[in-house]
Amino acid sequence: MHMDQQNPLVDGLSLKGLGDSVLVEIEPQRKRIPFLKHVEYRIISKCFQIPVHRRFSDFELFHSLLLQKFIYRMVPPLPPKGILKGVLNSISDREFYDSRRRGLQRFMTLVIRHPVLAGDELVSIFLQASSAMLQDVQHKLREAFKKSGDEFLTSQMALHGKVYLPEDIHSQAATNREVIANIHNSFQKLRDVAERMAQRSRENSTDLLMFGKDLSELGSDTSDLPASAALGKAWTTQRKSLVELSGEFGLLADKAAHQGSREEDEVVEKLNLLLEQLQSYKELCDRHDNGVLIEHQRAFEKRSGPMARHMKRHSSIEQPNCLLTQQENTILTMELRNYFSLLCLHQETQLVFTHLPLITNILGTFVHLQIQGHKEMGDVWGDLHPKLKSLFDNANEASSRSSSQTHISTERKTRAITSPHITRKSL
């Protein structure tokens with residue numbers, strides 16, 4: 001998938017052409033050093049189908065080089081490197097690394113779905129190069145970047161950006177930025193609500209599991225009841241059934257936990273993916289407003305590509321005043337970079353709008369998960385109801401028998417007490 005070179009303002013992107021899929025997994029306990037934790041990630045893309053192993057430092061270098069080369073494009077953010085020492089424990093440590101893995105997968109997904117970034121040599125090296133040695137991969141990435149430089153120096157559109165831009169490009173850019181900023185805020189609210197719902201499902205699972213555990217402990221109590229307990233036999237019957245019922249609550253807990261995981265994976269994660277793209281768009285707009293030219297003072301180094309050849313032709317012409325020529329070349333380059341930056345910004349805006357209809361798919365998934373989750377939970381609750389009814393019926397029967405036996409025993413005792421008195425009176 002590539003941007004249209006003939007008419008860059010109409011790129012023809014579609015949801016079906018958003019590109020490759022990628023999977024990032026934590027490689028369990030690879031190359032663990034006693035005093036240092038080196039977590040490795042296994043990456044495989046649908047396109048290359050070659051599993052590679054990368055450390056977080058590889059991702060950091062890869063991200064840094066992408067940002068330098070494609071400073072006029074949306075480069076997605078990396079997840080945090082870590083948190084303060086001493087904060088993590090064995091449980092939160094696992095949660096942190098899983099959260100980072102999710103963030104790395106979102107990062108890679110957005111990279112390989114980008115019509116410009118996906119076809120770059122840096123991406124190909126990162127997803128294919130052998131990872132026998134850490135330095136090999138990073139060396140290859142650095143060398144590839146040195147050979148090409150940033151996108152402006154190699155793009156065929158660098159010299160003609162102004163030709164493709166409408167006269168009101170600045171007002172269009174401002175309007176688009178405001179619209180996308182509002183969408184970003186709305187998506188954040190949706191994500192926060194979906195996240196809370198997934199958390200509540202997990203908390204519900206914990207509560208149901210605890211409820212079942214408490215029932216089991218109650219049913220496992222073998223303490224003898226006092227002889228004076230009128231319904232002792234009924235309680236004994238009920239108590240034995242509670243252990244069986246606790247298993248049903250364990251099943252309910254599993255269903256609730258599964259529901260929370262599905263909501264997290266299929267709704268929250270997809271919303272996070274869109275949010276990170278929108279965040280990278282905001283950062284791109286900020287770079288454009290702050291002047292990306294400042295970050296490209298080294299761009300005048302000798303590079304290959306149409307822009308570099310253009311600059312060589314200008315610099316090779318002898319002028320009486322070399323300083324003046326250099327200043328003119330610098331001004332020309334700044335102007336060309338400005339137009340190229342605007343052109344790229346417009347293309348990135350189109351890419352954002354291409355992704356926005358995905359929210360419909362996410363909402364459809366959200367509704368389906370709620371229907372499916374409630375049905376599964378309802379089925380288990382439905383199976384539990386007749387078991388409770390049977391339990392109560394048995395308890396009532398036992399209670400009736402116990403009450404009847406108690407009544408008969410009481411009558412016998414009463415007769416035994418009153419019979420001698422009646423006999424003496426009759427005599």
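**Salt bridges, sheet and cores of the predicted chain**

Asp-98 and Arg-102 both belong to helix 2, where four residues, about one turn of the helix, separate them. Helices here are DSSP runs of H or I with at least four residues, strands are runs of E with at least two, and both are numbered from the N terminus. The model is a predicted one: local features need pLDDT of at least 70, side-chain atom pairs count only at pLDDT 80 or more, and totals for chains, interfaces and linings use all residues. Residues are numbered from 1 along each chain as its sequence is written, and side-chain values rest on heavy atoms, with hydrogens and water left out.

The chain holds 10 helices and three strands. Their order from the N terminus is β-β-β-α-α-α-α-α-α-α-α-α-α. Of its 427 residues, 40% count as buried. Buried stands for under 20% relative accessible area, exposed for over 50%, and partly exposed for values in between (1.4 Å probe, protein chains only).

The three strands form an open sheet in the order 1-2-3, with antiparallel pairing. Strand 1 (22–27) and strand 3 (52–55) are the edges; each has a single partner strand, so one side of each lacks a neighbour in the sheet. On average, neighbouring strands are turned by 35° against each other, direction ignored. Pairing requires at least two bridges found by DSSP between two strands. Strand 2 (residues 40–45) pairs with strand 3 over four bridges, in the antiparallel sense. Within this region, Tyr-41 stands opposite Arg-54 of strand 3.

Two helices pack on the sheet. Helix 1 touches strand 2 and strand 3, and its direction makes about 85° with that of strand 3. Helix 3 also packs there, touching strand 2 and strand 3, at about 105° to the direction of strand 3. Such angles run from 0 to 180 degrees between N-to-C directions; the axes are lines fitted to C-alpha atoms, for helices over the stretch in contact.

Nonpolar residues were examined next. A nonpolar core is a set of buried Ala, Val, Leu, Ile, Met, Phe, Trp, Tyr and Cys residues joined through side-chain atoms within 4.5 Å. The largest one has 33 residues. Ile-43, Phe-59, Phe-62, Leu-66, Met-108, Phe-126 and Leu-141 have the most contacts inside this core. Two or more residues each come from strand 1, strand 2, helix 1, helix 2, helix 3 and helix 4 (134–148). Helix 2 gives the largest share, seven residues. Phe-126 touches Ile-43, Val-52, Arg-54, Asp-58, Phe-59, Phe-62, Met-108 and Leu-141, not counting residues up to four places away in sequence. Another core, of 22 residues, lies apart from the largest one and includes Leu-274, Tyr-281, Leu-351 and Leu-358.

Charged pairs come next. Side chains of opposite charge can pair when their charged atoms come close. A salt bridge is counted when a side-chain nitrogen of Lys or Arg is within 4 Å of a carboxyl oxygen of Asp or Glu. The structure holds 20 of these salt bridges. In one of them, the side chains of Lys-69 and Asp-120 meet at 2.6 Å, N to O. This pair links distant parts of the chain, 51 residues apart: Lys-69 is in helix 1 (residues 56–69), and Asp-120 is in the loop between helix 2 (90–112) and helix 3 (121–128). Lys-69 is buried at a relative accessible area of 7%. Asp-120 is buried too, at 11%.

Asp-98 and Arg-102 also form a salt bridge, with their closest N and O atoms 3.2 Å apart. Asp-98 is partly exposed at 28% relative accessibility, whereas Arg-102 is buried at 18%. Both belong to a network of salt bridges that links Asp-98, Arg-101, Arg-102, Arg-106, Asp-265, Glu-269 and Glu-276.

A further salt bridge joins the side chains of Glu-376 and Arg-262 (3.4 Å, N to O). Glu-376 lies in helix 10 (residues 358–426) and Arg-262 in helix 7 (residues 232–290), so parts 114 residues apart in sequence are tied together. Arg-262 is buried, with 9% relative accessible area.

Cys-47 is exposed at a relative accessible area of 55%. Cys-285 is buried at 4%.

How values were computed
Contact means heavy atoms within 4.5 Å.
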